[in-house]
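Reader: I am new to this structure and would like to be guided through it. Could we begin once it is in view?

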Amino acid sequence: MKKIVIAIDGHSSSGKSTMAKDLAREIGYTYIDTGAMYRAVTLYCLRNGLFVGDDKVKEDELEAAMEKMDISFRFNPETGRSDTYLDGTDVEKEIRTMAVADKVSLIAALGFVRRALVTKQREMGKEKGIVMDGRDIGTVVFPDAELKIFVTASPEVRAKRRQEELIAKGTPVSYEEVLANVKKRDYIDSTRAESPLRRADDALVLDNSTMSLAEQKEWLLERYREVAGA
């Protein structure tokens with residue numbers, strides 16, 4: 001059975017990260033959450049006062065900081081998944097807050113940030129045997145990936161899932177607030193000049209609006225077996 005690169009792209013809160021993590025664990029691959037990398041940069045900006053108003057970033061300061069910023073993943077034996085570390089500190093919980101979610105698309109639209117993180121992502125995947133999810137994995141990071149999946153669902157379904165996830169983690173938030181955030185991120189992600197969100201021409205589309213986690217898992221495993229010869 002050959003090792004391959006599996007690229008999973010899609011809209012925010014479409015469930016692609018959960019799917020990618022479970023698939024990687026099931027087939028023994030390394031999972032890389034590229035969205036967490038952009039969230040970590042966003043958290044850095046929040047901590048260091050690099051946002052100006054609602055939609056501006058101190059780009060010169062951030063670009064200088066990118067050279068020294070360390071973003072890594074470490075396996076958590078308690079959860080069976082990898083946690084995100086920023087400059088040696090576990091930030092997995094902090095990067096999942098609404099404060100970060102509200103700003104992350106602004107950071108992801110910056111060309112110098114994307115170029116720096118894409119370089120890191122390609123290095124992580126050079127040995128193959130990885131599942132990587134994000135917005136531009138199949139179009140920019142690994143355009144030659146053997147298996148590409150584009151995940152989507154209606155904004156309303158994605159907002160409901162995200163709200164339930166946040167409440168389960170102890171963060172009370174209204175459905176209306178989350179829906180507005182989802183639609184805002186969709187617009188920014190799809191219209192940005194640098195690596196906009198789009199489906200790769202050879203990507204398989206998975207609309208999971210009405211699918212259970214078990215159905216999604218089986219669908220992904222079948223696609224993996226077809227490509228990897230399992």
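Author: What follows is a short exchange about the sheet, its helices and some individual residues.

Reader: What kind of model is this?
Author: It is a predicted model.

Reader: In what order do the five strands of the open sheet come?
Author: The order is β2-β8-β1-β9-β10, and the pairing is parallel. The edge strands are β2 (30–33) and β10 (204–207), each of which pairs on one side only.

Reader: By how much are neighbouring strands turned against each other on average?
Author: The average is 20°, with direction ignored.

Reader: How many bridges link β9 and β10?
Author: Strand β9, residues 147–152, pairs with β10 in the parallel sense over four bridges. Ile 149, for instance, has Leu 204 in β10 as its bridge partner.

Reader: Which strands does helix α10 lie across?
Author: Helix α10 (residues 213–228) lies across β1 (5–10), β9 and β10, and runs at about 160° to β9. Helix α2 (residues 34–47) lies across β2 and β8 (130–134), at about 40° to β2.

Reader: Turning to aromatic residues, how many aromatic pairs are there?
Author: The count comes to one aromatic pair. The ring centres of Tyr 29 and Tyr 224 are 5.8 Å apart and their planes stand at 85°, so the pair is edge-to-face.

Reader: Which parts does the pair tie together?
Author: Tyr 29 lies in the loop between α1 and β2, and Tyr 224 in helix α10, so the pair ties together parts that are 195 residues apart in sequence.

Reader: Is Tyr 29 buried or exposed?
Author: Tyr 29 is buried, with a relative accessible area of 12%. Tyr 224 also counts as buried, at 4% relative accessibility.

Reader: Why does Asp 33 not form a salt bridge with Lys 21?
Author: Asp 33 is the nearest side chain of opposite charge, but it is 4.8 Å away, and a salt bridge has to be within 4 Å. Leaving aside residues up to four places away in sequence, Lys 21 touches Tyr 31 and Arg 81.

Reader: One last topic: what is phi of Asp 87?
Author: Phi of Asp 87 is near 50°, a positive value in a residue other than glycine. Most residues other than glycine have a negative phi. Asp 87 is in the loop between β6 (81–86) and β7 (89–90), and is partly exposed, with a relative accessible area of 41%.

Reader: And what about phi of Lys 128?
Author: Lys 128 has a positive phi of about 65° although it is not a glycine. Lys 128 sits in the loop between α6 (111–124) and β8, and counts as partly exposed at 37% relative accessibility.

Terms used. Residues are numbered from 1 along each chain as its sequence is written. This is a predicted model: local features need pLDDT of at least 70, side-chain atom pairs count only at pLDDT 80 or more; totals for chains, interfaces and linings use all residues. Side-chain values use heavy atoms; hydrogens and water are left out. Buried means under 20% relative accessible area, exposed over 50%, partly exposed in between (1.4 Å probe, protein chains only). Lys and Arg count as positive and Asp and Glu as negative; His and the chain ends are not counted. Contact means heavy atoms within 4.5 Å. Two strands pair if DSSP finds at least two bridges between them. Helices (H or I, at least four residues) and strands (E, at least two) are DSSP runs, numbered from the N terminus. Axes are lines fitted to C-alpha atoms, for helices over the stretch in contact, and angles run from 0 to 180 degrees between N-to-C directions. Rings of Phe, Tyr and Trp (its six-membered ring) pair if their centres lie within 6.5 Å; planes under 30 degrees apart count as stacked, over 60 as edge-to-face and the rest as tilted.
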